[in-house]
Amino acid sequence: MIAGNQPDAIRPWPVHAVASSEEEIAEAKPGAPRPPWALVKSGFAGANTQLRLACLLWAINLVFALVVAIPFFHLLDESLSRSLIGQRSLRFPDANWLIGLLNSQRSFLDSLSATLVWIALFYMVLNALVSAGVLEILAGGSRFSFRQFFQGIVRHGGPFLRLFIISLVAYFLVFLLFHDLLEKGLNALSRDWYSEAGAFSLYWAKNILLAVILLGTVMIFDYAKIRVVLENSPRAVLETAKAFRFVRHHLRPTLLVFYGLGLAGAILTLAYLGLDALFAPTSLGLVILGFLVQQLYMFSRMWLRVAFYVAEMELYRERGH
Amino acid sequence: MTARMFFISVALAWLWMGNPVHTFGGQRPTLMPLEHPKIITRYRIEVTLDPHTKQLKGRERLVWLNDSDDIVRELQFHLYLNAFKNVDTTYMSEARQNGRGFGRGINAFDFEHWGYIDVESMRIADGEDLTDRMEFIQPDDGNPYDQTVMRVTLPEPVPPHGEIALDIAFTAQLPRVFARTGFHKDFFLVAQWFPKIGVYEEAGERGRAQSGWNCHQFHANSEFYADYGIYDVFITVPSNYIVGATGGLPRQKRDNGDGTTTVEFYQEDVHDFAWTASPRFIRVQRHFVAKDQVSDEDIAEMMRVLGLPRDQIELGDVTVILLIQPEHEDQIDRYFRAIFTAIKYFGLWYGRYPYRTLTVVDPPRGARGAGGMEYPTFITAGTNWWAPKRILSPEGVTIHEFGHQYWYGLVANNEFEEAWLDEGFNSYSTGRILEKVYGPNHYYEWFWGVPIPGRRWLEIRLPRFPFVGWGPVPLGSYLQYIPFLDWQRRWSRYIANARLDPLRRAAWEYLNADSYRTNSYDKPTLLLRTLENYLGEALMARVMRTYHRRYRFRHPTTQDFIDTVNDVTGLDLDWYFDQVLSTANTLDYAVTEVSSEPVPAEQGVYDRNGRRVVLEPNNQPEGERLYRSRITVRRLGTVAFPVRVDILFEDGERIREHWDGRDRWRTFTYTKPTRVVSAEVFSGTLNPGAANYPILLDVDFANNSRRREPDRLPALRWSSKFLFWVQNLLHQLSMFG
């Protein structure tokens, strides 16, 4: 039997690393699970102590995106820089330019989307490994170091890749059942309906169900990763099953933590959209400012992702026995 | 005068007066405007709808006039409903190929509800039974499974200018709505539903080499062609059904006492008859009162533009009946505004709407295939229950289908053979009204039933296996309002399909449905707008008005339109029509060079005032620095068109150059103390003072202009947005990693 299968093998939680105040440290008594809101708050505090980790995630994200964006810049440069249509497209895309570009650059855009798919796949695989490093650092409670980060990847990379493959199968099944098959059923059910509003409500009920189940699946795999790291377990399938059981037994707090942090993400996005709507980048200064705001937003999302891991890990530590 | 000479004189006079569309020795006589068409067909039909079996039982009395000098020995009939009889009919076979046909193609067809029509008997009124003489023929493709055209050989021929009356009994099984006609639960849209006689054309008529029937099979991409007539139709339906039909207001209504009601509709001067019935319609009736809708200024403006007297501009009142779905009740005003707008502008531009009524049908969910169709005094539109005002629907489709009252209904070209003459002219007219009254439309994406402003620009094309039926997966959309004008929507399809086919060909001879749509709707719109920009708005208005007036209640051809343009403008524009109608060539002008170089100092040996002078670069007198600017415009496409080149200099000076556009390139050179900033190509025009318009047939607008110095700001702005979008996409996907 490997150590990871024994509850007492869970690595201890270094409270000092994530609690944001003396009060919270006091609140975080062993055996007294904190309410979900406190865990969310604790997630934020933990993420604040791991800004370098968020920086690393942001940098990886930016580098991957640049691989696709640079050829796109050259395409636009060729299309817009010499033409007066460029000036007319500063505020919003000129319809003639956009339509013409989509038509004349169809093969380029097709290859761009294919490249994007491969890069996204690679990014997801890499992200599975990076998550191993991130969770290793969070589990250790220490500040970011590349040494520990890579140790995490080496130690848990295998199980995380297996988890990635299992998760793909799970998402596919969720999509097949709750989108494809369900939609076929709804099509048959509503085929003779006159009511557009009725059919609309039905399809949106299905969409909401699909979103809830997809997010639930994401959450289960988050806990599976946490278990792999905390239990030091290489058994991806088993940890997935146990994560599922954990979520089922602690449905309320897991959902509240998950959606609490999700709500923070939604607020962040709304704030960005508000800022974006304030100005149209019609000068170089405004373009640069817009770029900085965008990158700040992306960094915040990485920070939020670390917060997710911190809060979920804390929840698991408190209630995982 | 001998008897023979007298006879010849009378015959010639008759030919001249009675057949004005005929040509003699290449000369076209001026056509007198018609107030009413020549009535060739008179139908009296009694039909009963069985809402349970979805069947129609009908009896038809048809009187047909042989309006030719020929002896006609056979009759030909359209049996359109047989298009939906099996998968091997010409219509269904074509619908299966390359996505031809309506909406989602053949996949939208309900294979459990076929449609067909059985002619149970046919006899000459009070005379011989012709039932055994009926046979199916396939004049277009010889497809033995196609039964959409029927021939009947007559025991006695119909003499020139003689009539024949027939009694026909038929049963029609309606398909579930797929394309235009059929049922959906208790909604019925009954079109192309009765045995309908074809058009007998004499040699020379519409360019025919030999006399004969023009009676094409029903094709996936074709519409209709028929003679004008009178329709008197008695429709029996369950008493709780609301009925609408060609003719609009029922002539009489009779309760049969057995739970059914018979409603009579009557309409003269039309070439088809369609009707609808459903217990669920909300029926709204309003009146287009011309004096309320059309101001004196509107009339004065049109009098000025068209040079016509007031009585030829003024419009008549129209009763409009809207049969709308309860779920769309909140869009009643939108519908009526669109209808009234259409009645007003089509009337002002082309002549008053000659009928007293118009019926507009709003089909329900599940019967959208019946929407967006035109029949005389009766149109079908369509909308969604969630239709933001920025999406011009139902407005666009309503105005378009009303426009067919003019381009199809009144000017009744052969839609089988020259679809562009109605669809194209109508799209051109619709676009002008939408732009004038509603302004730009906006791109929307339908995201699981929710309209979201945006334009998809990136998608993944999945391999066929294992993703059969998935289609492209949307990857990126620009989720903001992008305004566009109607012609820009058409241009987007045109540039994708411009090279597939020349415009002039029969509807079923195009490569695929995209080519049909492009060549019937989009390219005609653009070529007419291009012509308008060239001629000027007022001259184009006179062209269109004259064409409509000449061919109202007639069956014109493409050549008739070209002749009208040349007549009205006094120009020979065949060079234009030859290029854009008979070839699939494209038009593309580009500014390929915009440069300014300092004029080099004089250097060398010069003969001046009888003396020889040697100049060195560094012993020049100080003076104003001059630049030599070169602007080169190239014709990259095959189609040639006059262009105007607008050149801007650093001191704000603008120079406008004209080029006939025929050579492959033209360079303009200037020596000035300032440098050139940019140059842009526009459409040439007969009016030098006219505003600048792009040549709408140009397949690439981005190369129509060029700056001397590049400006990378737009590329930077959109690339940074794109970068941000990719970052978000990757981050979102990492959630699943």
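Domain bounds here come from an automatic or database domain assignment. With that noted, I looked up chain B and got domain 1 (37–280), domain 2 (282–405), domain 3 (444–480) and domain 4 (589–711). I also checked a distance: the centres of domain 2 and domain 4 of chain B, taken over C-alpha atoms, are 49 Å apart.

Housekeeping before I go on. This is a predicted model, where local features need pLDDT of at least 70, side-chain atom pairs count only at pLDDT 80 or more, and totals for chains, interfaces and linings use all residues. Residues are numbered from 1 along each chain as its sequence is written, while chains are lettered from A and ligands numbered from 1 in the order in which they are written.

**Chain A, overall**

I went through the elements, which are DSSP runs numbered from the N terminus: helices are H or I with at least four residues, strands are E with at least two. Chain A has 12 helices and zero strands. I looked up the extent too: along its principal axes, the C-alpha trace of chain A spans about 70 × 55 × 35 Å.

**Helices H3 and H12 of chain A**

Next I picked a helix pair. Axes are lines fitted to C-alpha atoms, for helices over the stretch in contact, and angles run from 0 to 180 degrees between N-to-C directions. Helix H3 (residues 36–48) and helix H12 (residues 284–319) of chain A have axes that come within 7 Å and cross at roughly 125°. That makes H3(A) oblique to H12(A); the classes are under 35 degrees for roughly parallel, over 145 for roughly antiparallel, 65 to 115 for roughly perpendicular, and oblique for the rest.

I noted the hand as well: H3(A) and H12(A) cross in a right-handed way. A crossing is left-handed if the near helix is turned anticlockwise from the far one by less than a right angle, and right-handed if clockwise.

Which residues touch? Among them are A:Leu39, A:Val40 and A:Phe44 of H3(A), and A:Trp303, A:Val306 and A:Glu314 of H12(A). Contact means that the C-beta atoms of two residues, placed from the backbone, lie within 7 Å. I sorted this contact into 11 nonpolar, three polar and one charged. Ala, Val, Leu, Ile, Met, Phe, Trp, Tyr, Cys and Pro count as nonpolar, Asp, Glu, Lys and Arg as charged, and the others, Gly among them, as polar.

**Where the chains meet**

How many residues of chain A are in contact with chain B? I found 66 from chain A against 59 from chain B. H4(A) gives the largest share of chain A's side, 13 residues. That side divides into 42 nonpolar, 18 polar and six charged.

**Two sheets in chain B**

Strands pair if DSSP finds at least two bridges between them. I started with an open sheet of three strands in chain B, ordered E29-E32-E35 with antiparallel pairing. Its edge strands are E29 (589–598) and E35 (665–672) of chain B, each pairing on one side only. From one strand to the next, the twist averages 15°. Nine bridges join E29(B) to strand E32 (residues 627–635) of chain B in the antiparallel sense, and B:Pro598 has B:Tyr627 of E32(B) as its bridge partner.

The other sheet I looked up is open too, with four strands of chain B in the order E5-E6-E3-E10 and antiparallel pairing. Strands E5 (134–136) and E10 (196–197) of chain B each have a single partner strand, so one side of each lacks a neighbour in the sheet. I counted three bridges between E5(B) and strand E6 (residues 149–158) of chain B, again antiparallel. B:Phe136 stands opposite B:Met150 in E6(B).

**Helices H9 and H10 of chain B**

The crossing of H9(B) and H10(B) is left-handed. Contact residues include B:Trp487 and B:Arg490 of H9(B), and B:Asp514 and B:Tyr521 of H10(B). I sorted the H9(B)–H10(B) contact into five nonpolar, four polar and seven charged.
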